[in-house]
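Take a look at the sequence and the 3D view, then read on.

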Amino acid sequence: MPKVIAVDFDSTIAFDSWPRITKDTKVNSAVVNWIRKRQKMGDKVILWTCRENFGGARFPDYEYKNDAMRFCTRNRLFFHNVNSNDGEYGFEADKFGRKIMADVYIDDRSFPFGRNQILWKVYLWLMDRKLAKM
């Protein structure tokens with residue numbers, strides 16, 4: 001059975017990306033390769049980000065979310081959904097908030113590795129083990 005995986009953007013898929021993506025923004029190859037592998041296995045990956053196309057009280061309005069999506073497209077990353085549930089859980093969760101329902105959440109805040117690709121690979125290997133048991 002396919003799993004649903006929610007993946008954060010800033011400091012997870014891309015390094016040095018907030019608030020604007022520049023030519024210096026680096027891709028986290030460990031996470032990108034893992035996402036592609038999981039998608040080939042049939043899993044549904046959701047881009048789960050706080051980015052929106054407005055800045056709120058602290059930042060000017062700008063296409064922050066669109067920038068992230070363009071960055072992912074340039075790096076051949078495509079998602080089942082962006083900041084939205086799949087709808088397969090039997091209720092209209094999308095209308096009641098941005099809580100993404102997933103089997104696994106990949107986020108730099110859950111275990112901050114910085115840019116250490118070896119630690120990211122170990123973390124993702126552990127996620128593979130967790131998903132295999134589900």
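## The nonpolar cores

Let's start on the inside, keeping in mind that this is a predicted model. The largest nonpolar core is made of 27 residues. Inside this core, Phe 9, Ile 13, Ile 35 and Ile 106 have the most contacts.

As background, nonpolar side chains in soluble globular proteins tend to be buried together.

## Helix α3 and its two sides

Now for one of the core's contributors. Helix α3 runs from residue 117 to residue 133, which makes 17 residues. From first C-alpha to last, α3 reaches 25 Å, close to the 24 Å expected at 1.5 Å a residue. At the start of the helix, Asn 116 uses a side-chain oxygen to reach to within 3.0 Å of the backbone nitrogen of Ile 118.

Which residues of α3 are buried? They are Trp 120, Tyr 123, Leu 124, Met 127, Asp 128 and Leu 131. Because these residues cover an arc of only 150° around the axis, they end up on the same side of α3. The general rule behind this kind of pattern is that an α-helix has 3.6 residues a turn, so residues three or four places apart point the same way.

And what do the buried residues of α3 pack against? Their partners are β1 (4–7), β2 (14–15), α1 (29–40) and β6 (104–106). Over on the other side of α3, Ile 118, Ala 132 and Lys 133 are exposed.

## Salt bridges

How many salt bridges does a search of the whole structure find? The count is nine. In general, side chains of opposite charge can pair when their charged atoms come close.

Lys 37 is partly exposed, with a relative accessible area of 36%, while Asp 128 counts as buried at 9% relative accessibility.

Asp 128 also forms a salt bridge with Arg 38, at 2.8 Å from N to O. This pair links distant parts of the chain as well, with Arg 38 in helix α1 and Asp 128 in helix α3, 90 residues apart. Here both Arg 38 and Asp 128 are buried. Put together, Lys 37, Arg 38, Asp 43 and Asp 128 are linked in a network of salt bridges.

Elsewhere, Glu 52 and Lys 65 meet through their side chains in a salt bridge of 3.8 Å, N to O. Glu 52 lies in the loop between β4 (44–47) and α2 (64–74), and Lys 65 lies in helix α2, so the pair ties together parts 13 residues apart in sequence. Both Glu 52 and Lys 65 are buried.

Last stop: Arg 115, in the loop between β6 and α3. Arg 115 counts as partly exposed, at 42% relative accessibility. Its C-alpha atom is separated by 21 Å from that of Val 104, eleven residues away along the chain.

Setting aside its neighbours within four places in sequence, Arg 115 is in contact with Phe 15, Asp 16 and Lys 26.

How values were computed: Residues numbered from 1 in each chain as written. Predicted model: local features only at pLDDT ≥ 70, side-chain atom pairs only at ≥ 80, totals over all residues. Heavy atoms only, no water. Helix = DSSP H or I, 4+ residues; strand = E, 2+ residues; numbered from the N terminus. Expected span 1.5 Å × (residues − 1). Buried < 20%, exposed > 50% of the residue type's maximum accessible area, 1.4 Å probe, protein only. Arc of directions from axis to C-beta. Contact = heavy atoms within 4.5 Å. Polar contact = N/O pair within 3.5 Å; in protein donor to acceptor, adjacent residues only side chain to side chain. Salt bridge = Lys/Arg side-chain N within 4 Å of Asp/Glu carboxyl O. Core = buried A, V, L, I, M, F, W, Y, C linked by side-chain atoms within 4.5 Å.
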